[in-house]
Amino acid sequence: MTDLLTISGLSVTARLATDDLRLLDAVDLEVRGGQIVGVVGESGSGKTTLARCVVGLLERNVRVEQGSVTLAGDVVVAPGVDRTGRVRGSAVGMVFQDASRSLNPLMKVRVHLAEVLRRHVPGITRAEIERRSVQVLEQMRITDPTRVLDSYPHQLSGGLKQRVAIGLAVVTRPSLVIADECTTALDVTTQTKVVELFRTLVDELGIGLLFVTHDLMLASDLCDRIAVMSGGRVVEQGDAERVLDRPEQDYTRRLLAAIPSWS
Ligand SMILES: Nc1ncnc2c1ncn2[C@@H]1O[C@H](COP(=O)(O)OP(=O)(O)O)[C@@H](O)[C@H]1O
Ligand SMILES: [Mg+2]
């Protein structure tokens, strides 16, 4: 079975005033359809850099030195290669930490969804936009889609905003979704609901999900596989249960030991 996403030997550096800083060091990672892969690790371990690299959203001073990112068999990122433009937002959906940042405060939810659909589905009719907008909000388990469509972001709760942000990421029917700390700003109950929603979406739609979080507990609830990052390297990866129950690396053991309720 071919992987949806294959990251192979990926090394990335940032150019600083005086020298180069290695942000990612020979990272290998795969995500299949219907699979949730968690990327965990402390702040500064390179998780966001990895997530952004997959969609070509690196800062100006950051460069891919070695390795590649392959999406559904096509190399989209390699040294001197960036073909992410045509997959970003269509084949790959993205959800970030702060839903407010992906939503324009001056635009109703309806307009957000319409803009994304128009951009990615040439010639789509108004009726079809309406149908797919309602459908995706229903998929997000939003019970009153019409009210939400007619709302401005500030009229929605944090959890509802994050659902809308996830809806925006999946309305183009991507095969892969990348979520970077997308539940971090939410309270625990809302977090749990968003996590359940992701599980349902992955199971129902066969999407592959790369779920980036510093929260090992959350990853253990949600993920099929887990990759543990430290200092820009994947120090351990494998089946989520195995990594959490029988960690092979000291670093993973220390991360687990730092969770008060872990037993
Ligand atoms: N454009 C950049 N230039 C220099 N250093 C960077 C840049 N982007 C990220 N870094 C550094 O790389 C490391 C990893 O950052 P990041 O990927 O955001 O980690 P995480 O998401 O795991 O917290 C950090 O030390 C950060 O300061
Ligand atoms: Mg980060």
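Strand β5 (residues 74-78) and strand β6 run antiparallel and are joined by two bridges, strands being DSSP runs of E with at least two residues and helices runs of H or I with at least four, numbered from the N terminus. Within this pair, Ala78 stands opposite Val81 in β6. The model is a predicted one, in which local features need pLDDT of at least 70 and side-chain atom pairs count only at pLDDT 80 or more, while totals for chains, interfaces and linings use all residues. Residues are numbered from 1 along each chain as its sequence is written, and chains are lettered from A and ligands numbered from 1 in the order in which they are written.

β5 and β6 belong to an open sheet of five strands, ordered β2-β1-β4-β5-β6 with antiparallel pairing, where two strands pair if DSSP finds at least two bridges between them. The edges of this sheet are β2 and β6 (81-82), each of which pairs on one side only. Across β1 (5-15), β2, β4 (62-71) and β5 lies helix α1, which runs at about 65 degrees to β2; angles here run from 0 to 180 degrees between N-to-C directions, and axes are lines fitted to C-alpha atoms, for helices over the stretch in contact.

A second open sheet has six strands in the order β7-β8-β9-β3-β10-β11, with mixed pairing. Its edge strands are β7 (92-95) and β11 (233-239), each pairing on one side only, and the twist averages 15 degrees from one strand to the next. Strand β3 (residues 36-40) runs parallel to strand β10 (residues 225-230), to which four bridges join it, and the bridge partner of Val40 in β10 is Val228. On this sheet packs α6, touching β7 and β8 (176-180), with its direction at about 165 degrees to that of β7; contact requires C-beta atoms, placed from the backbone, within 7 Å.

Helix α6 (residues 158-170) packs as well with helix α7 (residues 188-205), at an angle of about 20 degrees and with the axes 10 Å apart. The two helices are therefore roughly parallel to each other, a term for angles under 35 degrees.

Key: Parallel < 35°, antiparallel > 145°, perpendicular 65-115°, else oblique. Contact = placed C-beta atoms within 7 Å.
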